[in-house]
Amino acid sequence: MNEFELIARHFQRPAPSALLGVGDDAAIVRPTPGCDLHMSVDMLVEGRHFFADVAPRALGHKTLAVNLSDMAAMGARARWALLSIALPKADEAWVAEFAAGFHALALEHGVELIGGDTTCGPLTLSVTVLGEAPSGQALRRDAARPGDDVWVSGELGLGALAVRQRLGWLTVDDADLLQTARQRLEYPQPRLALGRLLLPVAHAAADVSDGLMADLGHILAASGVAAEIQADALPSDPRLEALRARYLDCLAAGGDDYELVFTAPPQRRAQVEAAGAQCACRVSRIGRIVEGGGGKLLDAAGHPIPLQKEGYDHFG
């Protein structure tokens with residue numbers, strides 16, 4: 001099977017909202033009047049972002065999910081995606097499973113695949129996603145203000161727990177917990193609905209991909225503020241609560257969460273909680289924005305907790 005047959009069979013799908021989709025030199029789309037166009041790109045490389053033996057269906061899901069998480073952090077509605085793949089060989093069975101995982105998530109969120117590229121090389125996956133939000137209303141990293149609450153969606157640490165167990169860095173005795181962690185690592189759920197509901201409520205947001213403290217740090221640097229985060233408030237799976245001290249590094253700096261960290265004024269607390277309830281997503285208030293620079297993780301007595309690192313570094 002050649003490159004174009006592979007594309008036609010597994011990636012060419014109807015794209016009703018595009019003026020022109022897969023099959024030409026470029027796609028053509030028309031943004032909704034009154035909306036700003038949002039664009040984001042992410043790349044996944046075998047051995048760096050995923051294990052070589054991951055199921056192709058799971059990899060198809062995650063390849064799109066990590067980009068949709070960026071749209072969620074902006075409060076944008078995801079509309080279109082472009083997919084580029086480097087494959088060691090044209091393994092049709094593998095590609096069919098990968099495409100099934102990708103298309104299932106795309107269908108769930110109303111995203112249309114409108115183009116991309118394929119080539120031969122070490123397994124590398126790259127998605128560019130385009131989304132929309134009402135003009136001038138995006139959630140940005142540079143809008144946090146002193147006095148804001150800091151919130152995070154979902155539960156932290158499970159993806160990192162699965163990675164570290166796989167690498168032999170720690171032992172997880174609870175088989176059910178490990179299965180949950182692996183599912184969270186391989187099938188992250190982008191918080192698109194929550195992001196859109198936060199548009200009139202939150203000030204600033206980022207997605208938690210490299211680790212909570214690292215990604216919160218991007219908000220702090222862009223906004224010129226500091227944050228005090230309560231370690232005891234970090235949300236986790238109930239099975240981790242008794243072992244919080246042991247796994248705190250996973251919660252605070254582990255990465256692979258694909259949750260949202262965001263700031264909002266205290267008078268918006270009820271609205272934040274209502275937004276979480278509306279889309280069945282846990283939201284937890286974990287700290288506050290203060291004057292200064294940088295983020296501090298604090299224990300119950302208010303003492304700083306040192307971390308070996310605040311998050312994942314691609315060149316570290």
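A: Let's start with rings: those of Phe, Tyr and Trp (its six-membered ring) pair if their centres lie within 6.5 Å, with planes under 30 degrees apart counting as stacked, over 60 as edge-to-face and the rest as tilted. This is a predicted model, where local features need pLDDT of at least 70 and side-chain atom pairs count only at pLDDT 80 or more, while totals for chains, interfaces and linings use all residues. Residues are numbered from 1 along each chain as its sequence is written, and side-chain values use heavy atoms, leaving out hydrogens and water.

Q: How many aromatic pairs does a search of the whole structure find?
A: It turns up 3. W94 and F98 are stacked, 5.4 Å centre to centre with 10° between the planes. They sit 4 residues apart in helix α3, so about one helical turn separates them. Ring pairs link W94, F98 and F102 into a cluster. (Helices, H or I with at least four residues, and strands, E with at least two, are DSSP runs numbered from the N terminus.)

Q: What about W151 and F262: how far apart are their ring centres?
A: The centres are 6.3 Å apart and the planes are at 5°, so this pair is stacked as well. W151 belongs to strand β7 (residues 149-153) and F262 to strand β10 (residues 259-264), so the pair ties together parts 111 residues apart in sequence.

Q: Are W151 and F262 buried or exposed?
A: Buried means under 20% relative accessible area, exposed over 50%, partly exposed in between (1.4 Å probe, protein chains only). W151 and F262 are both buried, and W94 and F98 are buried too.

Q: What is the strand order in the open sheet of 4 strands?
A: Strands of a sheet pair through backbone hydrogen bonds, either parallel or antiparallel. Here, two strands pair if DSSP finds at least two bridges between them. The order is β3-β6-β4-β5, with mixed pairing. β3 and β5 are the edge strands, each pairing on one side only. β3 runs antiparallel to β6 (residues 124-134), joined by 11 bridges; in β6, A133 is the bridge partner of D36.

Q: Which residues does the UniProt annotation "binding site" cover?
A: The unreviewed UniProt entry gives D42 and D117; such annotations may be inferred rather than shown by experiment. D42 is in strand β3 (residues 35-45), and D117 is in strand β5 (residues 112-120). At 27% relative accessibility D42 counts as partly exposed, and D117 is partly exposed at 42%.

Q: What does D42 touch, not counting residues up to four places away in sequence?
A: With contact meaning heavy atoms within 4.5 Å, D42 touches V66, N67, D70, L125, S126 and V127.
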